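Have the viewer open and follow along.

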Amino acid sequence: MKLVRYGAIGHEKPGLIDKDGQLRDLSGQIADLAGDAFSPAGLAKLAALDVAGLPAVPGHPRLGSPVGGAPKFIAIGLNYADHAAEANMPIPAEPIVFMKANNSLCGPNDDVEQPRGSTKLDWEVELAVIIGSRAKYVSEADALNYVAGYAVCNDVSERNFQLERVGQWTKGKSHDTFGPLGPWVVTKDEIADVHKLGMWLDVNGKRCQTGSTATMIFNVPKIVSYLSELMTLMPGDIITTGTPPGVGMGKKPPQFLNVGDVVTLGIEGLGEQKQTIVAA
């Protein structure tokens, strides 16, 4: 299934995309795509619906984050070998973990704000993992059983805030609109191999990132298992898992985003996003 949330900011409704690309309304079936809606029982309920009988939504409404009320927005840094090389940073011995504030979540095509004082606004196409079951001390062998699905994420980053000011990476990762997610959550049964997905990102129509989830240092089972040792993962948690090479700070000379720039990105089988940079 491809699960979406659509409508005005703060008033999104749950929906799904049928096999013909038609948006169908789920609000008569569930209150929201949040929490236990992503559990095995919740997904089984949705999978059993007569999709053709669900109300068709006309037009092309705004798509919001396909995950509502996410308990946590967790990120993994330097998780692609080729990206670590362009950043001149060593391959990490274990996953680098930081948090993105939940207020950074937004729709896949919403405008992205350039914060006041920002000088190094950057892009990162990433695979996001959506947790479906409470996970604590799970093994790598069992880890995918705790995953509901996957989505595209742009881990927008302000490098000055992230790397040149005192403190941790979170401050450069958490401004409003720094976490476009979607357009939809694709349930894991639709993805044959999550570690063989092509990824790309363009800025103003010029290709900047071309990569594959195949170059992850720590794969999805490792990440889920590892995080479950550090914190309890809950249904609806979002884990964004790192980016391939081609980010702005890795270019020679470095290239950063400014007001008016347009970013488009996508992952094979998971859809595409488009954002315009605006002033905060």
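What follows goes from the whole chain down to single residues.

## Ground rules

This is a predicted model: local features need pLDDT of at least 70, side-chain atom pairs count only at pLDDT 80 or more, and totals for chains, interfaces and linings use all residues. Residues are numbered from 1 along each chain as its sequence is written, and side-chain values use heavy atoms, with hydrogens and water left out.

## The whole chain

You'll find four helices and 18 strands here. Helices (H or I, at least four residues) and strands (E, at least two) are DSSP runs, numbered from the N terminus. Along the principal axes, the C-alpha atoms fill a box of roughly 55 × 45 × 30 Å.

Of the 280 residues, 57% count as buried. Buried means under 20% relative accessible area, exposed over 50%, and partly exposed in between (1.4 Å probe, protein chains only). Take the contacts (heavy atoms within 4.5 Å) between residues at least 6 apart in sequence: 75% of them join residues at least 24 apart. As for charge, the mean positions of the 25 positive and 31 negative charges are 3 Å apart. Lys and Arg count as positive and Asp and Glu as negative, while His and the chain ends are not counted; each charge is placed at NZ of Lys, CZ of Arg, CG of Asp or CD of Glu.

## Helix H4

Helix H4 covers residues 220-230, and eight of its 11 residues are buried. Among them are Val 220, Ile 223, Val 224, Tyr 226 and Leu 227. The cover over the buried residues of H4 includes strands E4 (73-77), E5 (96-99), E9 (125-131), E10 (147-154) and E16 (238-240).

At its N-terminal end, H4 is capped by Asn 219, which has a side-chain oxygen 2.9 Å from the backbone nitrogen of Lys 222. That is a polar contact: a pair of N or O atoms within 3.5 Å, where within protein one must be able to donate a hydrogen and the other to accept it, and residues adjacent in sequence count only if both atoms are side-chain atoms.

## Two buried strand residues

Asn 154 sits in strand E10. Is Asn 154 buried or exposed? With a relative accessible area of 2%, Asn 154 is buried. A polar atom of its side chain lies 3.1 Å from the backbone nitrogen of Glu 124. Leaving aside residues up to four places away in sequence, Asn 154 touches residues including Trp 123, Phe 178, Leu 265 and Gln 273.

Met 199 belongs to strand E14 (residues 198-203). Met 199 is buried at 2% relative accessibility.

Two cis peptide bonds are worth a look. One runs from Gly 182 to Pro 183, with omega near 25°; Pro 183 is in the loop between E12 (179-180) and E13 (185-187). Another joins Lys 252 and Pro 253, with omega about -5°, and Pro 253 is in the loop between E16 and E17 (262-267).

Then come the positive phi angles. Leu 78, not a glycine, has phi of about 50°. Leu 78 lies in the loop between E4 and helix H2 (81-86) and is buried at 10% relative accessibility. Asn 204 has phi near 55°, in the loop between E14 and E15 (206-212), and counts as partly exposed at 48%.
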